[in-house]
Amino acid sequence: MAYNKITIDGKTPNSTGEISLSPNVTEVSSSQNTDYLISSYTGIEEVFIFDVGASININLPSAATVGEGYKYQLKNISTYTLTIDPNSTQKIDGSETVDINTQYASLTIVSNGTDKWFIV
């Protein structure tokens with residue numbers, strides 16, 4: 001008997017049919033006081049928790065690189081400003097940058113897969 005394989009976002013379930021769709025969580029410590037480049041895009045979303053030691057830029061990868069529907073959740077637990085800066089000429093909801101300047105505030109953005117990010 002032949003079985004068809006199912007893949008979800010390029011991942012194949014294990015032998016029990018389970019597949020993990022949980023996001024990867026990265027904690028950025030207070031020793032981070034220079035700009036931060038997000039270069040990971042595994043699975044369907046990434047969560048970043050920033051407890052930085054200075055106001056910094058968070059540089060995003062290209063929306064085309066991460067693909068359509070890819071989601072980043074960004075949380076600022078510090079008292080410093082995080083400036084979210086999309087790749088090259090790309091924009092977030094029509095803006096060149098977006099700030100998270102309130103302690104414990106968060107922002108979720110999703111890629112259109114070509115050239116834009118949207119706040120959701």
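Which side chain is joined to that of threonine 83 by a polar contact? I began my notebook with this question, and I keep in mind throughout that the model is a predicted one.

**Entry 1: threonine 83**

I looked up the side chain of threonine 83 and found that a polar contact of 2.8 Å joins it to the side chain of aspartate 99. Threonine 83 is found in strand 6, and I noted that it counts as buried because its relative accessibility is 16%, where the cut-off for buried is under 20%. When I left aside the neighbours within four places in sequence, I listed Ile56, Asn57, Ile58, Thr97, Val98 and Asp99 as the residues in contact with threonine 83. One of these, asparagine 57, stands opposite threonine 83 in the strand pairing.

**Entry 2: the sheet around strand 6**

Between strand 4 and strand 6, which run parallel, I recorded 4 bridges.

**Entry 3: the nonpolar core**

Which residues touch the most other members of the largest nonpolar core? I found that they are Phe50, Tyr72 and Ile84, in a core of 22 residues. Several elements each supply at least two residues of this core, among them strand 3 (45-50), helix 1 (63-66), strand 5 (71-76) and strand 9 (105-111). I then looked at phenylalanine 50 by itself and, not counting residues up to four places away in sequence, listed Val28, Tyr36, Ile58, Leu74, Lys75, Asn76, Ile77, Ser78 and Leu82 as the residues that it touches.

**Entry 4: valine 120**

Is valine 120 buried or exposed? I noted that valine 120 is exposed, because its relative accessible area is 62% and the cut-off for exposed is over 50%. Valine 120 lies in the segment after strand 10 (116-119), and, residues up to four places away in sequence not being counted, it touches Thr108 and Val110. Although valine 120 and threonine 108 are 12 residues apart along the chain, I found their C-alpha atoms separated by 5.7 Å.

**Entry 5: the chain as a whole**

I finished with the whole chain, which has 1 helix and 10 strands and follows the pattern β-β-β-β-α-β-β-β-β-β-β along the sequence. Of its 120 residues, 32% count as buried. Among contacts between residues at least 6 apart in sequence, 57% join residues at least 24 apart. For the accessible surface I wrote down about 7100 Å², of which 46% belongs to carbon and sulfur atoms.

Conventions: Residues are numbered from 1 along each chain as its sequence is written. This is a predicted model: local features need pLDDT of at least 70, side-chain atom pairs count only at pLDDT 80 or more; totals for chains, interfaces and linings use all residues. Side-chain values use heavy atoms; hydrogens and water are left out. A nonpolar core is a set of buried Ala, Val, Leu, Ile, Met, Phe, Trp, Tyr and Cys residues joined through side-chain atoms within 4.5 Å. Buried means under 20% relative accessible area, exposed over 50%, partly exposed in between (1.4 Å probe, protein chains only). Contact means heavy atoms within 4.5 Å. Two strands pair if DSSP finds at least two bridges between them. A polar contact is a pair of N or O atoms within 3.5 Å; within protein, one must be able to donate a hydrogen and the other to accept it, and residues adjacent in sequence count only if both atoms are side-chain atoms. Accessible areas come from the Shrake-Rupley method with a 1.4 Å probe; for residues, only the protein chains shown count as cover.
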